Amino acid sequence: QVQVVESGGGLVQPGGSLRLSCTVSGTAFSVSPMGWYYQAPGKQRELVASITTDGSTNYLDSVKDRFTISRDNAKNTVYLQMNSLKPEDTAVYYCNIGWFDGSYQPTNYWGRGTQVTVSS
């Protein structure tokens, strides 16, 4: 059974940092592209960052130079380091196991999400 579990969300002031973690079990993590999505209230879920099996990364324009996605295959974990956080980054962040077809494509394997709130 595939499990995807996110952690690391919370409340942070504007300009602050958080690191999200996502641990995967029940599948071959090292051969799986991974993605982080966010979903703000009333908005559609959107891909924030993705990482391929060889470590190539891609980011949403609004988070480039502020967020960094990385993976540790030995720990079956993908991370999202978020710096210089802004109130508009407030959302539920979801981890996804994906595949590549020229660009990142999500599967139905999602975590339950972790809330990130950026507010003073």
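## Before we start

Residues are numbered from 1 along each chain as its sequence is written, and side-chain values use heavy atoms, with hydrogens and water left out. Because this is a predicted model, local features need pLDDT of at least 70 and side-chain atom pairs count only at pLDDT 80 or more, while totals for chains, interfaces and linings use all residues.

## The disulfide

How many disulfides does the structure hold? There is 1, a disulfide being a pair of cysteine sulfur atoms within 2.5 Å. In general, a disulfide is a covalent bond between the sulfur atoms of two cysteines. Here the partners are Cys-22 and Cys-95, and their sulfur atoms are 2.1 Å apart. The pair links distant parts of the chain: Cys-22 belongs to strand β3 (residues 18-25) and Cys-95 to strand β9 (residues 91-100), 73 residues apart. Strands (E, at least two residues), like helices (H or I, at least four), are DSSP runs numbered from the N terminus.

The angle about the S-S bond is -85 degrees, and the link of Cys-22 and Cys-95 is left-handed.

Are the two cysteines buried or exposed? Cys-22 counts as buried because its relative accessibility is 0%, and Cys-95 counts as buried with a value of 0% too. Buried means under 20% relative accessible area, exposed means over 50%, and partly exposed lies in between (1.4 Å probe, protein chains only).

Now move along to strand β10 (residues 104-110), where you will find Pro-106. With 37% relative accessibility, Pro-106 counts as partly exposed.

Which residues does Pro-106 touch, leaving aside its neighbours within four places in sequence? Pro-106 is in contact (heavy atoms within 4.5 Å) with Tyr-37, Asn-96, Ile-97, Gly-98 and Trp-99.

## Two loop residues with positive phi

Most residues other than glycine have a negative phi. Asn-76 has a positive value, near 50 degrees. Asn-76 sits in the loop between β7 (67-72) and β8 (77-82), and at 26% relative accessibility it counts as partly exposed.

Where is Ser-84 found? Look in the loop between β8 and β9. Phi of Ser-84 is positive as well, near 50 degrees, and Ser-84 is partly exposed, with a relative accessible area of 42%.
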